[in-house]
Amino acid sequence: VKTTFGAKKPKALYDEALDALNKKDYKKAQERLAAFLELHPNNALAGNAQYWLGEAYYAQGNYDKAAVAFADGLKNNPASAKAPDLLFKLGMTLSRLKKKQDACVAFDTFKNQYPKVSEAMKKQLAAETKKLSCK
């Protein structure tokens, strides 16, 4: 990784990954995001990179890897601006994996930790919890 991507500035590598993601080139995005996280784990963009890595897996239906990426993002970057998104997508991913109870816990945690999210996010949360019949 260091020999392939080490010479790139962190922001340039991150931007390349997002560009690939926007073009739906998920393999390229995953490769660059994983390299970014390996080379720059303490960078201010690490939480974002972890989120987008999870999104790349999620978009391909690779929910096992997506769940790990979202969970790692929460664990490693709990104060990241992407923390609410990481937790919400973790819940959605657990739902896709048919782990209803775990998904409901993630959504409940989300509701308690982030009560001031946008109305759109609240509606999406309500739809997801209703779909799962969370209490």
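Is Asp-85 buried, exposed or partly exposed? Asp-85 is partly exposed, at a relative accessible area of 22%, where buried means under 20%, exposed over 50% and partly exposed in between (1.4 Å probe, protein chains only). This is a predicted model, so local features need pLDDT of at least 70 and side-chain atom pairs count only at pLDDT 80 or more, while totals for chains, interfaces and linings use all residues. Residues are numbered from 1 along each chain as its sequence is written, and side-chain values use heavy atoms, with hydrogens and water left out.

**Nonpolar cores**

- The largest nonpolar core has 36 residues; such a core is a set of buried Ala, Val, Leu, Ile, Met, Phe, Trp, Tyr and Cys residues joined through side-chain atoms within 4.5 Å.
- Helices H2 (10-22), H3 (26-39), H4 (46-59), H5 (63-76), H6 (83-96), H7 (100-113) and H8 (119-132) each put in at least two residues; helices (H or I, at least four residues) and strands (E, at least two) are DSSP runs, numbered from the N terminus.
- H6 gives the largest share of this core, with 7 residues.
- Apart from that one sits another core of 5 residues, including Leu-21, Tyr-26, Ala-29 and Ala-56.
- The residues with the most contacts inside the largest core are Phe-70, Phe-88, Phe-107 and Phe-110, a contact being heavy atoms within 4.5 Å.
- Leaving out residues up to four places away in sequence, Phe-107 touches Phe-88, Gly-91, Met-92, Leu-125, Glu-128, Thr-129 and Leu-132.

**Helix H8**

- H8 has 14 residues and should span 20 Å at 1.5 Å a residue, which agrees with its end C-alpha atoms being 20 Å apart; the expected span is 1.5 Å times one less than the number of residues.
- Its buried residues are Met-121, Leu-125, Glu-128, Thr-129 and Leu-132.
- Looking down the axis of H8, those buried residues fall within an arc of 95°, so they line one face of the helix; the arc is that of the directions from the helix axis to the C-beta atoms.
- The buried residues of H8 pack against H6 and H7, whereas Glu-119, Ala-120, Lys-123, Lys-130 and Lys-131 are exposed on the other side.

**Salt bridges**

- The whole structure has 10 salt bridges, each one a side-chain nitrogen of Lys or Arg within 4 Å of a carboxyl oxygen of Asp or Glu.
- Glu-55 and Lys-89 pair up at 2.9 Å, N to O, linking distant parts of the chain: Glu-55 is in H4 and Lys-89 in H6, 34 residues apart.
- Both ends of that pair are buried, Glu-55 at a relative accessible area of 14% and Lys-89 at 11%.
- Asp-85 bridges to Lys-82, with the closest N and O atoms 3.6 Å apart, and Lys-82 is buried at 15%.
- Within H8, Lys-122 and Glu-119 sit 3 residues apart, about one turn of the helix, and their side chains meet at 3.7 Å, N to O.
- Lys-122 is partly exposed at 35%, while Glu-119 is exposed at 53%.
- Lys-8, Glu-16, Glu-31 and Arg-32 are joined in a salt-bridge network.

**Loops and backbone**

- Lys-98, in the loop between H6 and H7, has a positive phi near 65° despite not being glycine, and Lys-98 is exposed at 74%.
- Just after H8, Ser-133 also takes a positive phi, about 55°.
- Asn-77, in the loop between H5 and H6, is buried at 13%.
- Not counting residues up to four places away in sequence, Asn-77 touches Ala-46, Gly-47, Gln-50, Asp-72 and Ala-83.
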